[in-house]
Every structure is written in structure tokens, then in C-alpha cells.
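Work through the following exercises with the coordinates open, taking each solution one step at a time.

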Amino acid sequence: MKQKKLPRCRAAALTVALALLAPMSAYAAPTLDLAPPLEEAGGPSYKGALPYAEVLIDAGHGGIDGGTFYEKVLEKDINLAVAKKLLVRLQQLGVSAVLNRVDDYELSDDNRWLGSRSRHQKDLSQRTGLTEEIHTGMLVSLHVNWSKRGAARGPVVLHQKNRGESVLLALCVQDALNRQQLTAELPRAGSPFYLLNTVKQPAVIVEMGFISNGDDRAMLTSMEGQQKIAEAIASGVRQYKLLFR
């Protein structure tokens with residue numbers, strides 16, 4: 001009887017799963033500098049106000065925070081365009097999802113609870129706070145990369161350090177994007193990133209391509225290219241979900 005070949009994502013997932021079965025003493029426990037829950041900080045609590053969603057889509061940047069750019073092309077606009085398409089595609093696949101911004105504004109304006117003058121810190125804390133207040137299963141944060149090297153191209157998915165489910169999610173999304181963009185990148189630990197260090201759910205940051213690369217930029221700014229990216233990410237999320245059925 002011919003043996004069925006496992007999908008690449010599932011085969012990689014099994015490898016990671018076996019590694020995670022090693023004695024826990026072999027792994028250092030991650031140190032998380034968690035932001036306080038909104039209710040503890042005196043802010044509003046929305047638990048129970050919205051139904052459970054399997055995916056919280058984070059459209060990176062927004063408003064005064066344009067993110068990286070190339071001439072008049074801004075990262076924030078690309079992130080939002082792909083996020084909207086990803087939301088629709090996930091719903092088509094039967095995966096419930098919510099989007100943390102639907103227009104061009106910064107989330108720091110919604111943060112009235114953090115005692116900080118830093119708009120950037122308030123923005124990041126608000127994104128983390130939403131994962132604590134809205135009952136969701138995972139976070140997918142969309143971003144665009146930049147490099148001094150014009151030849152640098154392709155997607156890179158960042159995962160939480162020492163978090164097995166985050167690694168598996170990153171593997172699945174990276175594999176789908178690699179197939180879409182004909183690359184062979186591996187996901188990486190995003191240790192310096194506040195969002196990945198504070199979110200309790202499995203979370204990934206998806207760098208969808210390089211705005212500094214001509215071919216990537218053409219893909220990132222076209223409706224067709226954005227749709228293909230959204231479909232690839234959705235496919236990776238769905239494959240991840242199948243692993244836990």
C-alpha cells in the first residue's frame with residue numbers, strides 16, 4: 001500500500017512536536033514582561049462583549065505611524081489592505097477572525113489606560129491589550145520588511161521564543177508563503193519584539209516581503225499580489241488548525 005506523503009508543514013510540525021517532548025528542564029522558561037490587564041489598570045474590560053474568534057489579525061502601524069516606506073508607498077497601507085483580504089479569506093475557509101483596525105488610524109489613540117507619554121508604547125500596549133480583552137485563539141501581525149540590500153526579498157515569519165504552538169504556526173505560515181513566493185526561508189524567533197514577548201496566545205509576526213525590493217514591492221502594492229499573500233497566510237493558519245483537531 002502506497003504511503004501518503006505528509007504535507008511539508010505537517011512533517012515539520014511533527015519534528016518540532018518530538019523536540020518539545022524532551023524534558024522540560026532542557027528549556028529555559030521564557031521571561032515575559034507582561035503588561036497589566038486593562039481592568040487592573042483601571043481601563044474598560046470587554047470580556048464577554050464579543051464572541052470568540054479564532055484569529056486576531058493585527059494590521060501593523062496606522063495613522064501617524066506609517067511604518068517603513070519607499071517614496072510614497074507606506075507600509076501601514078499595505079498591512080491594512082492585506083489584513084482586510086485575509087479577514088475575508090479566513091471567513092471563507094470557515095475560520096472566525098477579527099481585525100484590530102479597519103481604517104488608517106493609530107491604536108494609541110484608543111489607549112487611555114497606560115500611564116506613558118510614549119505614543120509607540122501606548123500603541124503596542126493597546127495591541128497586546130486587545131488580545132487580553134477579546135477572546136481569540138491566536139494573533140497574526142502583518143508587517144512589511146526593509147533592507148539596505150536591494151536584492152533582499154521574500155517573506156519572513158517571526159515566532160515567540162520557547163513557545164511550541166507559536167513555532168508550529170510560524171512553520172505553517174512560512175511554508176505557505178514560501179510556496180507562494182518561491183522562496184525557502186525558515187521562520188525565526190522574534191525575541192526583541194514587544195508584541196511577541198507579551199501576548200499570551202500563540203502569535204506570529206509576518207513580514208510579507210521587502211518594500212525595498214522592486215519585485216516584492218510590485219507584489220505588495222498590487223491587488224492581485226495582496227490577494228495571493230492573504231490566501232497563503234490563510235492557508236498556513238488553516239493547516240495549523242488541522243494539526244490540533
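**Exercise 1.** Characterise the chain as a whole, beginning with the sequence separation of its contacts.

Solution. In this predicted model, 77% of the contacts in the chain with a separation of 6 or more are accounted for by residues 24 or more positions apart. The next step is the secondary structure, which comes to seven helices and eight strands.

**Exercise 2.** Determine how helix α2 is placed against helix α7, and which classes of residue make the contact.

Solution. Begin with the axes: those of α2 (residues 75-92) and α7 (residues 223-243) come within 8 Å and cross at roughly 50°. Because of that angle, α2 is oblique to α7, and the crossing is right-handed. Next, list the residues: α2 contributes Ala81, Val82, Lys85, Leu86, Arg89 and Leu90, and among those contributed by α7 are Met223, Gln226, Gln227, Ile229 and Glu231. Sorted by class, the contact of α2 with α7 has 10 nonpolar, two polar and three charged residues.

**Exercise 3.** Repeat the analysis for helix α6 and α7.

Solution. The axes of α6 (residues 214-221) and α7 are 4 Å apart, and the two helices pack at an angle of about 85°. Since angles of 65 to 115 degrees count as roughly perpendicular, α6 is therefore roughly perpendicular to α7. On the side of α6, Met219, Leu220 and Thr221 meet Met223, Gly225, Gln226 and Ile229 of α7. The class count for this contact of α6 with α7 is four nonpolar, three polar and no charged residues.

Note on methods. Residues numbered from 1 in each chain as written. Predicted model: local features only at pLDDT ≥ 70, side-chain atom pairs only at ≥ 80, totals over all residues. Heavy atoms only, no water. Axes fitted to C-alpha atoms, helices over the stretch in contact; angles between N-to-C directions. Parallel < 35°, antiparallel > 145°, perpendicular 65-115°, else oblique. Left-handed = near helix turned anticlockwise from the far one by under 90°. Contact = heavy atoms within 4.5 Å. Nonpolar A, V, L, I, M, F, W, Y, C, P; charged D, E, K, R; others polar.
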